[in-house]
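Here is a short note for a colleague who is new to this structure. Please read the points with the model open.

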Amino acid sequence: MTVWQALGGRGYLRSAWPWRAGAFLASGALFGAVVLVGIVAGVAVGAATAVVLVGLPLLVLTALAGIPVAAVERWRVRTARVGDVPAGAHRVPDAPGLARWLVVRLKEPETWRELAYAVLLALVLWPLDALVVTFAAGVPLFLLATPLLVAVDGEAKVVKLWTVDTWPAATGAALAGGALLLLGAYVLGVAAGARAEVVKALLGARGQDSARVAELVRSRVRLVDAFEAERRRIERDLHDGAQQRLVALTMRLGLARLDVPPGPLADQLATAHGEAEKALAELRELIHGIHPKVLADYGLEAAVADAADRSAIPVDVHLDLPGRLPRPVESAAYFVVCEALANVGRHSGASRAVVSGGHDEERLTLEIRDDGRGGADIGGGTGLTGLADRVSVLDGRLFLSSPPGGPTLLRVEIPCRPTEPRA
């Protein structure tokens, strides 16, 4: 149960929720004041001593102050049970050591978002917490204590505004204090719930979304790797299994033709031999389409050049790559080129095509141009939708420009880093 649910119940005033909300706000006021002193002192001392390099580590620590502040705030919300705030979404450094930890933390958006929250807490939130606690609990409690103060001192200053020195006035102040205390209990609950929502909005939702997006990206990469591994396994099984059996069958049929005299049986063997050769050719083409050996052995440049040689129209290739790229990237880029050239040959009426591209700023760029009639559409059922999906899995983008009358330009961008330098 959260404080919002408790506020709607009948037993709120008899429960521990008003005390819990008051303690949450009061501790927030105290903690915020401490954070204010720490940030101001860190910035002031660090800036004053930065000229002699002594203050630079202090400034770095001040920049990281949001991390413990956010951890304490999440703990306060969970302990008081006034809200539900997910844990932080800081990344685990990919290498041990303090230096790497600092680099990772200083590059994370989460670190700077938590620092911004710490500054907001130090400048705005804790004074508001203190103000709510003062007027929702402090003033009513002081009014309730008015008869005791009159009995001890003979008079009481109510909120520093008016003096109460008679018993009827003291009794009226106490009754007013009781009524205000009941109202203040609800004010404390509402303020505590709103305060928890602020913590959740600034420290919880984005961090949770970032963690979820990061996990989706990682799972997508794992799926791509598994898909490519399965493709290679199928290609290997077909190459080493079915293809070898067809080769053996073709050879046996050829030898059988030599041993049989001319006649109906020889004609049937010739027909069977021809069909086996066609099946073998189709199987080789299928294996080549699943995962071409030239792509696995020599990389994207050689594979694209091979695809251009097999194209139905003349294709000029201008690729400049620094070396081998990740296998999923090479595979996706190769099949984009193959599908694009197939579409050019079947649909565009072009007389020539050009494949160009390179690798720059950690991004592979490919462009396929043709001088055809244009009018291509990603949603037109020409396989471009599948290419766009395949590229998007690798966090890439596909652009198409194909006005009626041509020319057509297909551009692909895939973020990646070379895995092997150019031989």
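1. Start with β7 and β8. These strands run antiparallel, and 5 bridges join them. Arg 397 has Glu 413 in β8 as its bridge partner. Strands here are DSSP E runs of at least two residues, helices are H or I runs of at least four, and both are numbered from the N terminus.

2. A word on the basis. This is a predicted model, in which local features need pLDDT of at least 70 and side-chain atom pairs count only at pLDDT 80 or more, while totals for chains, interfaces and linings use all residues. Residues are numbered from 1 along each chain as its sequence is written, and side-chain values use heavy atoms, with hydrogens and water left out.

3. Now the whole sheet. Two strands pair if DSSP finds at least two bridges between them.

4. Contact means heavy atoms within 4.5 Å. Axes are lines fitted to C-alpha atoms, for helices over the stretch in contact, and angles run from 0 to 180 degrees between N-to-C directions.

5. Which residues touch the most other members of the largest nonpolar core? They are Leu 300, Leu 364 and Ile 368, in a core of 37 residues. Such a core is a set of buried Ala, Val, Leu, Ile, Met, Phe, Trp, Tyr and Cys residues joined through side-chain atoms within 4.5 Å. Buried means under 20% relative accessible area (1.4 Å probe, protein chains only). Elements giving two or more residues include α11 (300–309), β3 (315–320) and β6 (363–370). α12 gives the most, with 10 residues.

6. Leu 300 deserves a look. Beyond residues up to four places away in sequence, its contacts include Leu 295, Glu 330, Tyr 334 and Leu 364. A second, separate core has 31 residues, among them Tyr 12, Phe 31, Ala 137 and Ala 196.

7. Last, the helices α6 (residues 109–144) and α7 (residues 146–153). Their axes come within 4 Å and cross at roughly 50°. Phe 142, Leu 143 and Leu 144 in α6 meet Thr 146, Pro 147 and Leu 149 in α7.

Technical notes:
Buried means under 20% relative accessible area, exposed over 50%, partly exposed in between (1.4 Å probe, protein chains only).
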